[in-house]
Amino acid sequence: MAIIETTRREFLIGTGTLVVSFRLVSGALAQPAGKPKPVALDQVDSFLAVHKDGSVTIYTGKVDIGTGIRVALPQMVAEELDVALGKVKMIEGDTALTPDQGPTWGSLSVQVAGVQLRQAAATARRALIEMAVQKLGMPASDLAVKDGVVAVRAEPHRRVSYAELIGDQAFDLKVDKDAPLKNPKEHTIVGQPVPRPDVAGKVTGTHTYMQDFRVPGMLHARVVRPPAMGAALQSVDESSLKGIKGARVVRQGSFLAVVAESEWAAVKGARQLKAGWSPWAGLPEQSKLWEHVRATPVAKDDVAVNQGDPRAAMGRAAKTVTATYDFAVHTHGSIGPSCAVADVRDGQAMIWSPSQAPHWLRRELAATLQMDVANIRIQYLDGAGCYGRNGHEDATADAALLSKLTGQPVRVQWSRADEHGWDPKGPPTLVEIRAGLDARGDIIGWDSELWAPKADITEWPRTLAATLAGIPQKEAINPGNIHRNLDPSYPFAHQKAVAHRLETTPFRPSWIRTPGRMQNTYANEVFIDECAAAAGADPVEYRLRYLTDPRGIAVLRAAAHLAKWDTRPSPAKAGQTGPVARGRGIAYVKYENARTYVAGVAEVEVNRQTGAARCTRFFVAHDCGQIINPDGVRAQIEGNIIQTVSRTLKEELKWDRSRVTSVDWASYPILKFPEVPEVVMELINRPGEPPWGVGEPAACLPPPAISNAIFDAIGVRVRSVPFTPDKVKGGARA
Amino acid sequence: MIRIVVNGKSHQLDVEPDTPLLYVLRDNLGLHGPKFGCGLAQCGSCTVLVDGRPVRSCVAPVSQIKGRIVTLEGLGTAEKPHPVQQAFIEEQAAQCGYCINGMVMQTTAFLSSRPANPSEREIRQALQNNLCRCGTHQRIVAAVKRAAALMGKGA
């Protein structure tokens, strides 16, 4: 197998360009023992190495896309291994060096990758103590470990360090799932709000982002996308680049780009290039989107839950409640458009990418480049915030194909319009719910349906480069597990929830933070509020009628307490004079009905005349089990809430029959500073429980809590995201 | 040849006069603090100071820049940060951090052009045309308050 060896050296051009030189070598990656670095998920050496100087390197296939796992994962290992946190350094997302722990998605970095690393550390620690027993001639029960040094408890001068025991040697051990973990009561590193290692560099301009990365002899490229999404390239007028120094066209099929040595020349060339494209108008009319969704053929039905006999229960109901909820198409909207650098030469590919999934992307690029996956190496570098499968993978495929076609290293930087117009989208979803209430207003039957695209869940969304260049590939779509949380988080005796998985959806779909769980929780938690209103009940008290899970009850009560919840039915009747009405709404969910519990209260102000709604404060109670880094958890919850308030109140992708027309921040506005709510939170730490994910769950809360708060304020139900002023004004009255 | 003064140093550059300042800073001078976000002056990621005023370098042709340019790197370093940078570090006011250049530069201009102790409302107004997608706003506002306090003390 051929492996690519990278040597990094930093040198200054002007005041600080990171330039990386590298060479491609055949054979094994240089390791002390002359063996390739193990990456199998069952080997301790795949996850960590103890060096001669006492420092520790940990290896993870997950990447820090702004979430803070660059400190949280080292905290977990330092704790379990008993070394100082400052001695642990993390290598992330290098396909040659790190185990494939899955894409960085689904709030699973700490929950899955962190737990794998911790178990490897526990296995390593046990092995090191066994070595120390041999060396010191004392039983393990007489030894204590501190900061990587094993000492005899009664005679502390008798000691041996981890570095002396193993320094730069392989453990050659399988990870033992039964290796004992520390008692959480002894934790001194886990549970601490340790600052992140990368903030200082980000704030002073020395942190190397993907966009800052350069290699010698590199060309700058800009892609030229079709003016209509499905159009084919018919002609290119290369003479239209005349006058732009060094700019030239590279094309394969309908894949078109301009490359140049100067970045500005590539930008100007891409703008100026004249090309002829076939006509195409295959997008559905936006004003008829929901008719289009309902008319799309169903590939299969996924049953999220089916228990009891909801139909019979509804037959006994004193009252029936029905509602339909729709959720707009969203774009990821990273602040920095996607970027990548690739060097594809001599049958080898060395690629730098900000992808959330270097290991998966490597397999996808093997198809795009028509190369053996073993000859491709991807190294992760930070891009701008990644909230799911955005344009990073496509820009990487663009760079890889352009490098292959030019025989030179190529850097591709997408424009703002490329990113907004061409990243895969969060698909449109529609949920319809019916419930039967008894004479007291209690829910006795629940029946819901979701319309959302199907998912080939092991398939990565196809790259644009492969599609446009006409490279043969298996057709597949994957918007993620968007049926999750369609089943309500309440144990109703008679309930059914079915996801109609559609054959197609208007745009290439993918996942955007909290995919499906957000849309389904929006529907479920507005709907239960509608039932509470029909029963004349307080929304918190009404939810507590059904909840039996003590941790669920605890977060719901904590959120209500934090918000000083005023117990009464909605809508509010007292004190609502003047043009601006105030309201509060609650929402609750157990994430995927399997992990992190969250509850939130939104406070809103609604202008009755204009319909403009603003979320002024948002309260969150959050139980993710054991907290690794409380400051990291807080940052993620703030991000979940603020980003989703933006999605809920403002965001909707627009298009005509040929193309996306939301191509910048003016045509796709997001929340600005004056509109941002204050986020107030309470973290419930359960050190004895497993650590669960944090990056997504709280994002389920804003759409329903805000809709419920608008209802509380003005008695209008908003059943369509985003809650624009016209929808608030024209919504259904109570 | 075009001459510009950046972070106290003078540079003679052989670049096309219509090149936006951002590309010159990043590609010719290796200053990566300012970021490419939109190329449309909509998001603020590329902000630099020209004679102390915030300028969106992605739309400013280099030939038209007359004043002295200061970039993020010119404010301070991780070892010796400017009070605004120090406040952002202390508040851990970055997630992905891509917008943070703009936040720091806009804040620096804002705090140096007005009396101490800005209100929350004034801070939010001052940053209203700087976009953040990760939802770090609350920490950024806290960092601006902290920076104002640090600069007040240092003055």
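Predicted model: local features only at pLDDT ≥ 70, side-chain atom pairs only at ≥ 80, totals over all residues.

I started with the chain pair: 50 residues of chain A are in contact with 51 residues of chain B.

Next I asked which helix gives the largest share of the side of chain A that touches chain B. I found helix 16 of chain A, with 7 residues. Helix 16 (630–649) is listed with helix 5 (199–204) and helix 6 (263–272) of chain A, and each supplies at least two residues to that side. I also checked the makeup of chain A's side facing chain B: 21 nonpolar, 19 polar and 10 charged residues.

Then I went inside chain A. I have it split into domain 1 (37–204), domain 2 (210–279 + 332–422) and domain 3 (429–733). The C-alpha centres of domain 2 and domain 3 of chain A are 35 Å apart. Their contact draws 27 residues from domain 2 and 24 residues from domain 3 of chain A. On the domain 2 side, I see helix 9 (358–369), helix 10 (392–406) and helix 11 (416–422) of chain A giving two or more residues each. That side of domain 2 divides into 11 nonpolar, 10 polar and 6 charged residues.

Last stop, a sheet in chain A. I read 6 strands in an open, mixed sheet, ordered 14-22-21-20-15-28. Which strands sit at the edges? Strand 14 (298–307) and strand 28 (720–721) of chain A do, as each pairs on one side only. I followed strand 14 of chain A to strand 22 (residues 495–502) of chain A, an antiparallel pairing over 8 bridges. There, I noted A:His500 in strand 22 as the bridge partner of A:Asp301.

Notes. Residues numbered from 1 in each chain as written. Chains lettered and ligands numbered in written order. Domains from an automatic or database assignment. Contact = placed C-beta atoms within 7 Å. Helix = DSSP H or I, 4+ residues; strand = E, 2+ residues; numbered from the N terminus. Nonpolar A, V, L, I, M, F, W, Y, C, P; charged D, E, K, R; others polar. Pairing = 2+ DSSP bridges.
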